[in-house]
Amino acid sequence: MRIRIVGAGAMGRGIAQWAASGGHTVEVSDVRTEAVREAVGFVRSMLERAVAKGRMSAQDCAAAVARLVPLDDPWAPGPDVELVVEAVREDLDTKAEVFGKLERVLPAGTVFATNTSSLSVTRIAATLDDPSRLAGLHFFNPVPLMRIVEVVPGATTRPELPPLLTQLVESCGHRAVTVSDTPGFLVNHAGRGLVTEALALLEESVAEPVDIDRVVRDVLGLRMGPFELMDLTGLDVTAAVIDSIWQGFRHEPRLRPSYLTPNRVAAGLHGRKTGKGWYAYGPDATGPAEEAPVAGDAGRPVFVAGDGALGEALRASGATVEDGEHPSADALVLVPVWGTTVAAAVAAQGLPAERAFGVDPLSVTTGRRVLSVTPAADPAAARDARAVLARPAPGGQPHTVTVVRDAAGSVAQRLIVSVVSVATSIAERALAAPEDIDLAVTLGLGYPTGPLAWGDRIGAARLLDLQRALHTSTGDPRHRPTRWLTERAQLGLPLTHRGTAPGECLG
């Protein structure tokens with residue numbers, strides 16, 4: 001296939017490298033001729049680096065470089081061009097101008113694709129004489145390494161184009177997912193679950209950014225915490241995406257932005273690129289503060305009010321765990337909270353408020369346990385509870401214990417239920433197939449597993465209990481259960497199951 005890339009910036013270069021490596025002839029063009037030369041030189045250097053690292057043969061490198069065709073004029077006639085991929089700046093008028101000029105010089109059969117990440121594919125297509133020839137082909141940066149591409153048909157895109165683009169993407173070694181033309185498409189939309197809830201936890205003073213990031217890495221198993229991620233991508237970019245998706249979905253509470261971000265953006269606290277964000281960067285930066293040493297009495301007896309798994313884990317570590325229906329006068333009371341608060345347990349069960357603490361059940365079997373404290377907690381008792389939870393399992397290392405403010409669902413539960421909730425809302429709107437949601441999130445966001453499969457590991461029924469408890473405890477509509485989760489919990493279906501559609505029952 002002969003492909004023309006319009007726009008020789010970071011994305012255009014990456015797409016050119018991907019397409020040339022995949023065996024296609026690639027015309028590289030830009031309104032700045034020097035950008036074309038730089039792009040071709042950059043792609044050549046990246047391919048040569050792949051040879052040096054043993055990832056590509058010298059012959060394949062030479063062949064790929066030979067398939068790069070620099071153009072002096074992006075609007076040059078191209079009777080043999082089968083596909084154009086536009087990768088210019090994110091501005092509707094600019095993209096409309098590009099495709100308008102291309103429409104006048106390229107054959108009617110040439111397929112147009114836009115690499116937009118935030119604009120409506122339908123609105124871009126509507127500026128063309130023939131809007132049916134355009135679809136979205138959203139790559140992620142860096143293109144050669146991010147092996148996922150969103151294929152986005154607009155409202156009038158010809159039905160044969162998405163399968164054609166999918167075949168092209170997968171023939172070049174990437175994976176393709178077909179998604180609806182909605183704000184954020186799929187990956188950026190799904191990614192709001194983690195970041196928006198992390199900001200909500202910070203708003204409520206549940207935990208500091210460093211502690212939320214530690215819980216995300218050590219309890220949920222992600223490679224990077226949400227505040228680290230915001231610093232990497234730039235808070236200015238993240239905040240704009242959050243606002244755009246929230247506005248695009250008509251202020252859906254699940255996607256609600258935080259009041260914390262506008263002032264930080266205005267102050268230039270964007271992250272790595274400005275030297276300071278949620279963390280400080282540069283040669284003089286000291287990094288996050290070290291975690292406080294464990295200073296309490298690890299031998300103090302404990303009473304577990306609830307789930308027996310916590311008691312079993314503590315007994316295995318040699319802790320003194322009381323039996324019976326009520327705690328002794330000296331015992332610490334540990335409450336495995338699931339979508340509720342320690343304060344509610346104190347009120348409902350008559351527990352001693354000064355020595356009652358919450359433990360997130362999701363953290364019990366991980367290397368980091370999460371202890372939540374209420375305003376009524378005795379600090380000395382809290383230090384003892386931390387020491388008890390830090391006791392090592394037989395033959396293992398001591399647990400690390402993060403102390404957070406008592407809140408419904410604590411940190412890990414709130415984050416995982418938000419991630420799953422946003423994914424199930426995408427599924428129930430049929431914006432993407434369940435398998436594509438999980439594929440796109442694992443490849444595009446680097447999660448250890450897709451959000452729907454992740455939810456299935458916890459269990460749909462248990463997640464529904466969590467979401468209902470959060471909704472009841474907080475009254476916040478962003479915690480309301482999705483229909484997708486509710487139905488599958490009630491019917492015993494996995495979250496990854498598409499389910500039977502009415503159209504399948506018509507014969």
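Helix 9 (residues 209-218) lies across strand 12 (368-373) and strand 13, running at about 140 degrees to strand 12, where contact means heavy atoms within 4.5 Å and angles run from 0 to 180 degrees between N-to-C directions, with axes fitted as lines to C-alpha atoms, for helices over the stretch in contact. Helices (H or I, at least four residues) and strands (E, at least two) are DSSP runs numbered from the N terminus. The model is predicted, so local features need pLDDT of at least 70 and side-chain atom pairs count only at pLDDT 80 or more, while totals for chains, interfaces and linings use all residues. Residues are numbered from 1 along each chain as its sequence is written, and side-chain values use heavy atoms, with hydrogens and water left out.

- Five strands form an open sheet in the order 9-10-11-12-13 with mixed pairing, two strands being paired if DSSP finds at least two bridges between them.
- Strand 10 (residues 332-336) and strand 11 (residues 356-359) run parallel and are joined by four bridges, with Val 359 in strand 11 as the bridge partner of Pro 336.
- Another open sheet, also of mixed pairing, has eight strands in the order 3-2-1-4-5-6-7-8; its edge strands are strand 3 (68-70) and strand 8 (175-178), and its neighbouring strands are turned by 25 degrees against each other on average, direction ignored.

**Packing of helix 8 and helix 16**

- Helix 8 (residues 192-203) packs against helix 16 at an angle of about 145 degrees, with the axes 8 Å apart.
- Among the residues in this contact are Glu 197 and Leu 201 of helix 8, and Arg 414 and Ser 418 of helix 16.
- By class, this contact has eight nonpolar, three polar and two charged residues, where Ala, Val, Leu, Ile, Met, Phe, Trp, Tyr, Cys and Pro count as nonpolar, Asp, Glu, Lys and Arg as charged, and the others, Gly among them, as polar.

**Cavity and pockets**

- One cavity of 30 Å³ or more is found in a search of the whole structure (on a 1 Å grid over the protein atoms alone, a cavity is a set of points where a 1.4 Å probe fits but cannot get out, and a pocket is an open set with protein on both sides within 12 Å along at least five of seven lines; lining residues have an atom within 4 Å of a point).
- The largest cavity holds about 70 Å³ of space, a volume being the space filled by probe spheres set on grid points that are joined across faces, edges and corners.
- Helix 16 (residues 410-428) gives the most to the lining of the largest cavity, with five residues, and the residues that line this cavity include Glu 197, Arg 414 and Ser 418.
- The largest pocket has a volume of about 1,300 Å³, and of its 45 lining residues the closest to its centre are Phe 140, Asn 141, Asn 188, Thr 233 and Val 237.
- Helix 11 provides the largest share of the lining of the largest pocket, six residues.
- The second largest pocket holds about 570 Å³, and helix 1 gives the most to its lining, with six residues.
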